Amino acid sequence: MTYTSFTVRTPIVTGVPRHIAIIMDGNGRWAQCRQLPRVAGHAKGLDSVRTIIEACVTRGVEFLTLFAFSSENWRRPVDEVSFLMRLFIHTLEREIANLHTNGIQLRVVGDLSMFEARMQELVRLAEAKTATNTCLTLTIAANYGGRWDILQAARKIAKQCVDAGTIQNINELNFAQHLAMAYAPEPDLFIRTGGEQRISNFLLWQLAYTEFYFTDVFWPDFNDVELNKAIISYRGRERRFGRTSSQLTQQSQTVDDSLSC
Ligand code: IPE
Ligand code: IPE
Ligand code: MG
């Protein structure tokens with residue numbers, strides 16, 4: 001029996017990752033190393049957020065996704081959680097005009113119903129104000145969990161099936177269209193700072209073929225130079241998406257040939 005090869009849509013791979021997703025970890029330990037309260041690390045981490053947004057714009061990255069608060073982070077001490085909420089509100093109030101001026105589109109993904117009304121309203125206004133910006137799409141994952149995301153997509157599809165009175169054709173493509181980040185391509189490069197090597201319930205579905213980069217650097221120390229190291233590492237990877245190395249060489253040869261015509 002012979003098997004015919006079939007075509008699966010795979011992303012186009014370039015030297016600059018189109019989409020970078022980051023778990024900004026290590027704020028608390030950064031502060032503790034300096035005999036500061038953990039929350040001082042969260043405040044300092046904001047400087048890195050600004051630096052990395054700018055660095056992504058400069059490099060032509062189209063999508064930057066930052067994990068700011070996981071669905072499991074409610075388990076932290078009450079004082080730390082309320083500090084993070086205040087910081088989030090304050091940052092939205094202070095930074096949104098600046099993001100808009102720089103052509104950045106802001107999106108917030110996660111179960112926002114858990115946040116206080118003021119925060120929900122600010123998110124709504126910020127998203128509306130920046131909706132048509134095209135320089136960089138900055139997504140903040142807040143009260144986000146990959147399992148929550150897959151479940152909410154499954155619920156929407158189940159409802160559609162009930163409403164239609166039939167089980168429609170459910171495939172990977174239309175399932176993904178119900179995920180919170182359906183507007184973005186899957187991340188090319190995942191970065192986790194702070195030394196842990198786990199996903200911590202981040203983009204479970206979307207990271208299936210993402211390149212992973214872990215660094216011991218704490219998030220408040222992460223900067224342009226550290227981002228460069230991650231991108232250099234990414235460039236050294238061979239993204240095969242299930243194929244063999246020689247298939248990729250043949251494919252790039254075909255692309256080169258067609259370019260030289
Ligand atoms: C990440 O830093 C920020 C949030 C989860 C909000 P941490 O606060 O987890 O810092 P460490 O891992 O305890 O050092
Ligand atoms: C992941 O970091 C969540 C964010 C950075 C927002 P955590 O510090 O909460 O992850 P775990 O608990 O160490 O896995
Ligand atoms: Mg942590």
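Reader: Which pocket is the space taken by ligand 2?

Author: Let us begin with the general idea. Rolling a probe the size of a water molecule over the atoms shows where empty space is left. The model here is predicted. In this model, the space taken by ligand 2 is the second largest pocket. The space taken by ligand 1 is likewise the second largest pocket.

Reader: How much space lies in the second largest pocket, and which residues lie nearest its centre?

Author: The second largest pocket holds about 1200 Å³ of space. Its lining consists of 48 residues, and those nearest the centre are Met24, Val49, Phe67, Ala68 and Trp219. Two or more lining residues come from each of α1, α2, β2 (63–70), α3, β3 (104–109) and β4 (136–144). Sorted by class, the lining has 26 nonpolar, 12 polar and 10 charged residues.

Reader: Which residues are around ligand 2?

Author: For a shell of this kind, a residue counts if one of its heavy atoms lies within 4 Å of the molecule. The residues around ligand 2 include Ile23, Met24, Asp25, Phe67, Asn73, Arg76 and Ser200. The strand β2 gives the largest share of this shell, 4 residues. By class, the shell around ligand 2 has 5 nonpolar, 3 polar and 4 charged residues.

Reader: Which polar side-chain atoms lie at what distance from an oxygen atom of ligand 2?

Author: One belongs to Asn73, at 2.9 Å from an oxygen atom of ligand 2. A polar side-chain atom of Asp25 lies at 3.2 Å, and one of Arg76 lies at 3.2 Å. On its own, ligand 2 has 390 Å² of accessible area, of which the protein covers 78%.

Reader: Let us turn to ligand 1. Which of the residues around it come nearest?

Author: The shell around ligand 1 has 13 residues, and the nearest are Asp25, Gly28, Arg29, Arg38 and Arg76. Helix α1 (27–33) supplies the largest share, 3 residues. Along with α1, the helices α2 (38–59) and α3 (78–101) each supply at least two residues of this shell. Its residues divide into 3 nonpolar, 5 polar and 5 charged.

Reader: What are the distances from Gly28, Arg38 and Arg76 to an oxygen atom of ligand 1?

Author: For Gly28, a backbone N or O atom lies 2.9 Å from an oxygen atom of ligand 1. In Arg38, a side-chain N or O atom is 2.9 Å from an oxygen atom of ligand 1. For Arg76, a polar side-chain atom lies at 2.7 Å. Taken alone, ligand 1 exposes 380 Å², and the protein buries 87% of that.

Terms used: Residues are numbered from 1 along each chain as its sequence is written. Chains are lettered from A and ligands numbered from 1 in the order in which they are written. This is a predicted model: local features need pLDDT of at least 70, side-chain atom pairs count only at pLDDT 80 or more; totals for chains, interfaces and linings use all residues. Side-chain values use heavy atoms; hydrogens and water are left out. A polar contact is a pair of N or O atoms within 3.5 Å; within protein, one must be able to donate a hydrogen and the other to accept it, and residues adjacent in sequence count only if both atoms are side-chain atoms. Accessible areas come from the Shrake-Rupley method with a 1.4 Å probe; for residues, only the protein chains shown count as cover. On a 1 Å grid over the protein atoms alone, a cavity is a set of points where a 1.4 Å probe fits but cannot get out, and a pocket is an open set with protein on both sides within 12 Å along at least five of seven lines; lining residues have an atom within 4 Å of a point. A molecule sits in a cavity or pocket if more than half of its atoms lie within 2 Å of its grid points. Ala, Val, Leu, Ile, Met, Phe, Trp, Tyr, Cys and Pro count as nonpolar, Asp, Glu, Lys and Arg as charged, and the others, Gly among them, as polar. Grid points are joined across faces, edges and corners, and a volume is the space filled by probe spheres set on the points.
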